[in-house]
Amino acid sequence: MSWHTAGNRFAVEVSNPRITKTVYDKIMRANKLPLQGEAPGVRIAKRDQQSEFEKGIVTGDLVYVNAGEHKGTISTVISYTASTNTLYLSNVTQKSIIPGHLKPESFPSHLIERPKPVPFNQVKLAGKEKDENGKINYIVAEDFEFKEKYFDERYQRWLPRRVAKHHNEIEIPWPQPELLKDDRYSTQENIALEKSYEVQTIARPPIPREALAEFRNPYSKHKKRVFSELQVRRVNAPKMPLSIEQKIYLAKNEGKEKKVYQPLSEEIKEFIGSKMADHISKIDNPALLSHLDALSNSKIPDFEKTLANSESKSENST
Amino acid sequence: MNVLGIAARLPTSRLIISPLYSPFKASPSSHIIQQTKSFSSSLINQVRKGNDKYYKILKYVKPIDSTVYQAGQEIPRGFKVPGQKKLVPDYEYETMYFKRQNRGLFGGLQRKRSKNCSEAKNKTLRFHLPNVQKSKLWSETLNKAIQVKVTTKVLKTITKEGGLDKYLLKDKPARTKTLGLLGWKLRYEVLKKQEFNQLPVINNQQVFYIHKDGKQFTVGKYKLLNELYPLVQRDSYYPIGPVEFKRNHNYLTIEEVVNKLEEYSFDFSKVTVA
């Protein structure tokens, strides 16, 4: 016994109604009597483990032990351990010593009868049957197999029908599942439905039309924007004022007309052609001649531009 | 060795080298870009391979957007509107290389490159910086001394031209190119001051602005805005606070403010001189 009793004031008690669900579960788990130790045989790897419904024998099923110490007993299944492929049966028990802190107060001794793990292969599925006289008989299936699936209302899931092998007319129904009891943390069904259920329809939009503007970004970069009066003044730089020299130049040239290029007249063309022909006729050097020939074929973009410019201007003026 | 054999082994792209071949062909998209934004790209075309004195300035020049935008016009995609308005006109020849030339009057001088040569003919790269001096230059128009970093070459030019103002205001392409950003700003300041100096003084009253119709204003923009405020407020159904009024009217030019006042048939006799 410890002399330090101060800690007891802060100890968490199950009877305290203010403790949370997680704390409550933790206490209950700690005080629960652990199941009997390791079962005989090897541990099964996780990828090879099967659930009790896949195995075909679930909690609440009636089974017949066909081998070992307890051969011939008929008992109900308490639980199935997938990691060792064993079953705990209500009838098959073993005396074992339990540690002091787990011993219930009502028990006089530390030696307690507890369920003992039974390997799955030492068990056969059994069932009850009433005969004409009202006497209950047990039927043990040598083996069983699964048939077509149906929706089980009790389990709220799809389950296969369980029948005896080679005697498919004998069906072994799944046992009645243990009903969940309401505890202090559970919510009543009608309340849960009332609070969590909301009618969803395509006719009514989830967001009211008035609130849509709140969700959309009016300043999005993907939206088309236009320059405001202020923005334009920020973007456009001021102009450099004209210097006195520039002003004088502009004032001088104010009255003058801009030079307009006109296409050459036929007379001038002939004159230039004759001058060029005279000049070329004097050339003896064949290399220079070939060079001039190449020059005449080459295109000068600026010259072409000027020609086009003059033609367009003459069209405008006429 | 067979020459044709080598040619056959070469990749095809290397064989199509002709003056007519160019990977950039005119596409319709490029045409659209030109419509919306016209950068002064012709500057880069000005760079000649030969004896261009200012090829370095033109080569490292920052392109500027010379489009004049209108209110109500759609903002181009990716366009960033500046937070403050521009105080100085855009300078076409702002270099992105040797940036200290934008903060002083360097006259186009930049860092030069050469090699140190040892006795054993080992060459190491070195550079030559322009001879930059900090000096105060008197501006006759602004009537004050301006402290600037100037190269000695520019100092010589200024004395030759006959003063800082004449150096800044010379209207030759070479001068505009070599002015630098600071020179450009000073030029704007001087020209603005010159414009102001040309305005008359009547009856000991300085005229600040002459309108198109000949009205001579003895007050500035902000005093005219003070006159405009009650008129605008009277015109509105809802009350207009001073902050809201400033927000919508402060950006107007003095010409626009006068035009607005004319709409309200404002009596200009108080703010003008005959």
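How many helices and strands does chain A have? I keep in mind throughout that this is a predicted model, and in it I find 9 helices and 9 strands for chain A.

**Chain A as a whole.** I looked up burial next, and of the 318 residues of chain A, 8% count as buried. I then turned to the contacts in chain A between residues at least 6 apart in sequence, and I note that 47% of these join residues at least 24 apart.

**A buried residue in a loop.** I went to A:Asp61, which lies in the loop that runs between helix 2 (52-55) and strand 1 (62-65) of chain A. Is A:Asp61 buried or exposed? I count A:Asp61 as buried, because it has 22 C-beta neighbours inside 10 Å, where 20 or more are needed for that label. Leaving aside neighbours within four places in sequence, I list A:Thr76, A:Val77, A:Leu125 and A:Pro175 as the residues in contact with A:Asp61. I also checked A:Asp61 against A:Ile172, and although 111 residues separate the two in sequence, their C-alpha atoms are 9.7 Å apart in space.

**Helix 7 of chain A.** I checked the length of helix 7 (residues 266-282) of chain A, whose 17 residues should span 24 Å at 1.5 Å a residue. The end C-alpha atoms of helix 7 are 25 Å apart, which agrees with that expectation. I then looked at burial along helix 7 of chain A, and because the number buried among its 17 residues is 0, I write that this helix lies largely in the open.

**Where chain A touches chain B.** I find 21 residues of chain A in contact with 22 residues of chain B. On the side of chain A that touches chain B, the elements giving two or more residues are helix 5 (229-235) and helix 6 (244-252) of chain A. Which helix of chain A gives the most to that side? I find that helix 5 does, with 7 residues. By type, I divide the residues on this side of chain A into 9 nonpolar, 5 polar and 7 charged.

**A sheet in chain B.** I end with an open sheet of 3 strands in chain B, in the order 7-8-9 and with antiparallel pairing. Its edge strands are strand 7 (209-210) and strand 9 (272-273) of chain B, each of which pairs on one side only. Strand 7 of chain B is joined by 2 bridges to strand 8 (residues 216-217) of chain B, and I note B:Phe217 in strand 8 as the bridge partner of B:Tyr209.

Definitions and conventions. Residues are numbered from 1 along each chain as its sequence is written. Chains are lettered from A and ligands numbered from 1 in the order in which they are written. This is a predicted model: local features need pLDDT of at least 70, side-chain atom pairs count only at pLDDT 80 or more; totals for chains, interfaces and linings use all residues. Helices (H or I, at least four residues) and strands (E, at least two) are DSSP runs, numbered from the N terminus. A residue is buried if 20 or more other C-beta atoms lie within 10 Å of its own, exposed if 12 or fewer, and partly exposed in between; C-beta atoms are placed from the backbone. Two residues are in contact if their C-beta atoms, placed from the backbone, lie within 7 Å. Two strands pair if DSSP finds at least two bridges between them. The expected span of a helix is 1.5 Å times one less than its number of residues. Ala, Val, Leu, Ile, Met, Phe, Trp, Tyr, Cys and Pro count as nonpolar, Asp, Glu, Lys and Arg as charged, and the others, Gly among them, as polar.
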